[in-house]
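Please walk me through this structure, step by step. I am new to it and would like a plain account.

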Amino acid sequence: MTRETAAGAPVSIAARARAAVAPPPAAYLEGLNPEQRRAVEATDGPVLVLAGAGTGKTRVLTTRIAHLIATGRARPFDILAVTFTNKAAREMKERIGALIGPAGEGMPWLGTFHAIGTKILRRHAELVGLRSDFTILGTDDQLRLLKQVIAAADIDEKRWPARGLAHAIDGWKNRGLAPEQVPAGEAAAFGFGKGGPLYAAYQDRLKSLNAVDFGDLLLLCLRLWRENPDLLGSYQDRFRYILVDEYQDTNVAQYLWLRLLAQGHRNVACVGDDDQSIYGWRGAEVDNILRFEHDFPGAVVVRLERNYRSTGHILAAASTLIAHNEGRLGKTLRTEAVAGEPVTVTGAWDSEEEARLLSEAIEGLQAKGHPLAEIAVLVRISAQMREVEDRFVQLGLPYRVVGGPRFYERAEVRDALAYLRVTANPADDLAFERIFNTPKRGLGDATLQALHGLSRRAGVPLLQSARMLVETEELKPRARSTLRALGQSFARWAKLLEDQPHTEVAQTILEESGYTEMWQKERTADAAGRLENLKELVRSMEEFPDLGGFLEHIALVMDANDAEGGDRVSLMTLHAAKGLEFDTVFLPGWEHGLFPNQRALDESGRAGLEEERRLAHVGLTRARKRAKISFAVNRRIHGMWSSTVPSRFIDELPEASVAVIEAPAGYAQGPSRFDRQAPPFGSSYATPGWQRAQAATAGQQDSYGRGAPAAARRGPRQIDGTLVAKSTGAAAAFEAGARIFHTKFGPGLVTAVDGNKLTVDFDKAGRKMVLDSFVQPA
DNA sequence: AGCAGGTAATTTTTT
DNA sequence: ATTACCTGCT
């Protein structure tokens, strides 16, 4: 048995002796290939496992944990194992359970970054000025709070939308920046230089509400540890072994979080694939993986390159494609599987024909006995789904859309939760505000203003000021009685909670508040589904002992119960497909502008192109036996038909593994039909978007070349760029009198500038208000 | 307060 | 084409 013991990472003598005396039978090690086995057995010291698609990444992770436990190196609670999604965490739990039985079930520190952050934060909440029962705010609560903060600062919310501020704050939090750490220039980019104070004010409001947002779950841990070295030491000590899944997706905050913890025993194993990094746009830092060896000197690097999923042709296509990327560590996927069917490329006249061909191909497979559950259609953007769905519905082909809005983010679920939150915690102002006029009960802005005023003066929560306000003459009689009834209802429901099961109380609340009725009356197509969701919500409460327990965990753990069984085709975005695999994968919409996506190119230049290419690589490697790429020569973009050019990615596939399929339809005009329909590939690079992408790339290379400060060079660069372009840059770039070019309206003259909104006299379209992000200097 | 009609925007999404 | 948001009217 090999044992790498890095200097400075002592393994307890007892553990070592025990492992030496009684080598485990290690049935779980059987069937691992040599690299996988190395990744499992290199237990001590830093390890980076570069696991290409389909190389048994999860197996290595779970076996590694089993190995640590079975050899006595660690007990389940000594191991910290972090994932990004609850789904991944659940899967890992299950697989560990299967490997080593119930011993693995007690892994208290296996979970998402945020779940573990929450757990730690609840234990020491008072050290960062919170109570341990703090609320975790979702995106919509965050937005509502930000609106208040912006209004309180006397800033026009129309000029500086809360969304923009939310985006900026998320970006800062992703980079581990507390308000006082945000670079002055960036903080000034929002709201006439008030970005910094607004961020600080937002944090103050959160604190006074005893609430945190998702970013805080990590950020506050960092603060906790920095301000309390003893505490940090105890956690460093506690986590003898650390494992990280999907390391390429970590952002700076998560990286700092990990690095602090890993400095204890230094037994940190990160598993990831730089070629599958597709979340750069939300703060993920490929650099984290690229620089692992630098951060953890002496790290063992294991490459898993044996692919057990796909056939030779599919793998060749994916590998050749991804080899066009420059910023990668480099892996060569190999397989012993047969070459199989070549990857097909099909051109269609338009997107409708593309959907038709695709559906027919699926029906063909179905006729030959292929299960639909083994077929997936992966699209670049959600908007592509509609056309495919339409076709499926027409044909009666069963399908399921994977992803989409999460269960707990649906409006009806948030509303219902808001009722429950106010009942459980009458001081939850954000929840109260959400439902105080839902269903419509004739309470509006005027009433809300009065409530807010009183709340502020008296220093009490909204619900309490409502009860006070109805005793005065301030409100009109109608609002007064409505509000009184609402206050009484919440008091009654809270009382019910004392002696009735919480699920029943929830049911009562939804009925008595008129919320259920509101949806029953609504005769839209999805009303029934919403009622179903409400039922599901109540049902899911049963697993929790009480309402408090339910609410505490809901924001973090609740998932869509997409247990819809049955044999169905899966339809999803490429992003949603990561980690999944199917026998047959359809990849429609490989057209320049759509995929690679124009916006990604515009915003991030070559880095954007490379991320798009990784996305293509992820798409291809989802397929076990068949990958079917297609594109349309004409597509409706924003309701307008325009002709399109096949994606450059198609040209980057290896000839030997690709078969070009002629559409059997009546449009067939010869072997190179789509070559003639579409302009030659070269010409697409003359588009304004491509030129902008080129320019952006050149700019980036310059900043690399000149050796800009590290902070400016890495991923934040992208965030910087966006902020500057959208705000400071805008004010400077577009002044009244400037000639500009708008994406939709063409050339025009700027007559007024209002934050990120411009008033423009267009040559053709007349005077319009437009957002600066749709405008280029002419 | 609440609806109707007009106008502009439209990538990817977890926690 | 569809949606989300804003404005102006009842």
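**From one lysine to the whole chain**

Leaving aside its neighbours within four places in sequence, Lys57 is in contact with Ala51, Asp245, Glu246 and Val271. The model described here is predicted. Lys57 is found in helix α3, and it counts as buried because its relative accessibility is 18%, under the 20% limit for that class.

Gly56 lies in the loop between β1 (47-51) and α3 (57-70). With a relative accessibility of 23%, Gly56 counts as partly exposed. An unreviewed UniProt entry lists both residues under "binding site", together with Ala51, Gly52, Ala53, Gly54, Thr55 and Thr58.

The next step is the division of the chain. Chain A has domain 1 (27-119 + 221-306), domain 2 (135-209), domain 3 (314-348 + 378-398 + 566-633 + 644-693), domain 4 (408-526 + 536-550) and domain 5 (712-777). Between the centres of domain 1 and domain 3, taken over C-alpha atoms, there are 32 Å. In the contact, 25 residues come from domain 1 and 19 residues from domain 3. About 2000 Å² is buried between domain 1 and domain 3, and carbon and sulfur atoms give 50% of that area. Of the area that domain 1 buries against domain 3, Asp275, Ile278 and Glu305 supply 36%, more than any other three residues.

Arg386, His638 and Gly639 surround DNA strand C. Of the atoms of DNA strand C that come within 4 Å of the protein, 38% belong to sugar and phosphate. At His638, a backbone N or O atom lies 3.1 Å from a base nitrogen of DNA strand C.

Notes
Residues are numbered from 1 along each chain as its sequence is written. Chains are lettered from A and ligands numbered from 1 in the order in which they are written. This is a predicted model: local features need pLDDT of at least 70, side-chain atom pairs count only at pLDDT 80 or more; totals for chains, interfaces and linings use all residues. Side-chain values use heavy atoms; hydrogens and water are left out. A residue is near a molecule or strand if one of its heavy atoms lies within 4 Å of it. A polar contact is a pair of N or O atoms within 3.5 Å; within protein, one must be able to donate a hydrogen and the other to accept it, and residues adjacent in sequence count only if both atoms are side-chain atoms. UniProt positions are given in the numbering used here, feature names are shortened, and annotations may be inferred rather than shown by experiment. Helices (H or I, at least four residues) and strands (E, at least two) are DSSP runs, numbered from the N terminus. Buried means under 20% relative accessible area, exposed over 50%, partly exposed in between (1.4 Å probe, protein chains only). Contact means heavy atoms within 4.5 Å. Domain bounds come from an automatic or database domain assignment. Buried area is the accessible area (1.4 Å probe) that two parts lose on being put together, summed over both.
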